[in-house]
Amino acid sequence: IDAASPWIGSRTSLRPRDAQQFPGDSLPPALARALCERSALPAKELFEATETFELVRKRVRGAVVADLCCGHGLAGLLFAIFEREVERVLLIDRERPASADLLLDAADEVAPWAREKIEWRVEQLKRTELPEGTGVIAVHACGLRTDAALELAMKACGPFAALPCCRPHRLHPAPDSLKNALGADVAIDVHRTYALEAAGYRVKWQEIAEGITPMRRVISAVLPRG
C-alpha cells in the first residue's frame, strides 16, 4: 500500500472490498483481510495500531502486556498474536465496544492461539492494578489518560509505550515556560520524558509513518536490566 495514499489515514471503516489491498499468505495480511471482512474498524486505526506495535514490540514485550484505554484492543491483540513470550494481554477500558468482539473473531480465524491470552477488563484507570513488570501500552489515550498509563507503568516497574494524543495544554503540569518556548505538545512530552528518566527509565522518541495521523510521536521507555 502506498504510504502517501489518503486511504491510510481514512476514518472510514474497512469493508470486505478492501481486503484486496492486503495480498499475501503471511499472517499480517491475513489478519488485515479478516478485519476487512468484518468491517471491524477504520483504516486509520488499523495503521495506527500496527505501526505503533512494530516500533515498540521489542521494548514492551514480556510475560504480561496491558493495553490501556484500549478501545477495540487491536494494539494489545497484536502482542497476543505475534509475540510468543507474551503469555497474557490485559485489554482495559471503561467500556467494551462491539468492535472488540469483531477483532477477537478475526483473530480466531487466523491466530486461534491468541484468544486464550486475552483478558478484558471494563474499569477506569484509577481503579486499575497491574502485576509487577507488566508492559504498558497506550495508543491515543486521550489527554491525561496517557499520564495515568505512564504512572501505572512506573508503579508496576514495567516498560511503557504510548502514542499520545489530545494533549491537555492548560491542564497538564508541564512548565508554562516550556509550553511557551517549545509549543505545548512538545513540552508535555518532554515533561513525561523527564518523569520517566527520573524513575530510572531509558526513553526513546520515534514517529509512526506520515499520513496516518498528525499525532505521530511514539514515546517508549524501559528500565535497564540488572
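## Cysteines and overall build of a predicted model

At 16% relative accessibility, Cys69 counts as buried (buried is under 20% relative accessible area, exposed over 50%, partly exposed in between, with a 1.4 Å probe and protein chains only). Cys69 sits in the loop between strand S1 (64-68) and helix H3 (74-82). Helices (H or I, at least four residues) and strands (E, at least two) are DSSP runs, numbered from the N terminus. Phi of Cys69 is near 50°, a positive value in a residue other than glycine.

This is a predicted model, in which local features need pLDDT of at least 70 and side-chain atom pairs count only at pLDDT 80 or more, while totals for chains, interfaces and linings use all residues. Residues are numbered from 1 along each chain as its sequence is written, and side-chain values use heavy atoms, with hydrogens and water left out.

**The cysteines**

How many disulfides does the structure hold? It holds zero; a disulfide is a pair of cysteine sulfur atoms within 2.5 Å.

Cys166 lies in the loop between strand S5 (160-165) and helix H6 (176-182). Leaving aside residues up to four places away in sequence, Cys166 touches Cys142, Gly143 and Met215. Contact here means heavy atoms within 4.5 Å. From Cys166 to Arg17 the C-alpha distance is 32 Å, and the two are 149 residues apart in sequence.

| Residue | Relative accessibility | Class |
|---|---|---|
| Cys165 | 5% | buried |
| Cys166 | 42% | partly exposed |
| Cys157 | 46% | partly exposed |

**Arg96**

Where is Arg96 found? It is in the loop between strand S2 (88-93) and helix H4 (98-110). Arg96 is partly exposed, with a relative accessible area of 37%. It touches Asp101, Leu104, Trp120 and Val122, not counting residues up to four places away in sequence. Arg121 is 25 residues from Arg96 in sequence, yet their C-alpha atoms are 8.3 Å apart in space.

**The whole protein**

The protein has seven helices and seven strands. Along the sequence they follow the pattern α-α-β-α-β-α-β-β-α-β-α-α-β-β. The radius of gyration is 17 Å, close to the 17 Å that the globule rule gives for 226 residues, so the protein is as compact as a globular protein of that length. That radius is taken over C-alpha atoms, and the globule rule is 2.2 Å times the number of residues to the power 0.38. The C-alpha trace spans about 50 × 35 × 30 Å along its principal axes.

Of the 226 residues, 52% count as buried. Among contacts between residues at least 6 apart in sequence, 66% join residues at least 24 apart.

The protein exposes about 11,100 Å², and carbon and sulfur atoms supply 49% of it. Accessible areas come from the Shrake-Rupley method with a 1.4 Å probe; for residues, only the protein chains shown count as cover.

Charges come next. There are 30 positive and 31 negative side chains, and the centres of the two sets lie 3 Å apart. Lys and Arg count as positive and Asp and Glu as negative, while His and the chain ends are not counted. The place of a charge is taken as NZ of Lys, CZ of Arg, CG of Asp or CD of Glu.
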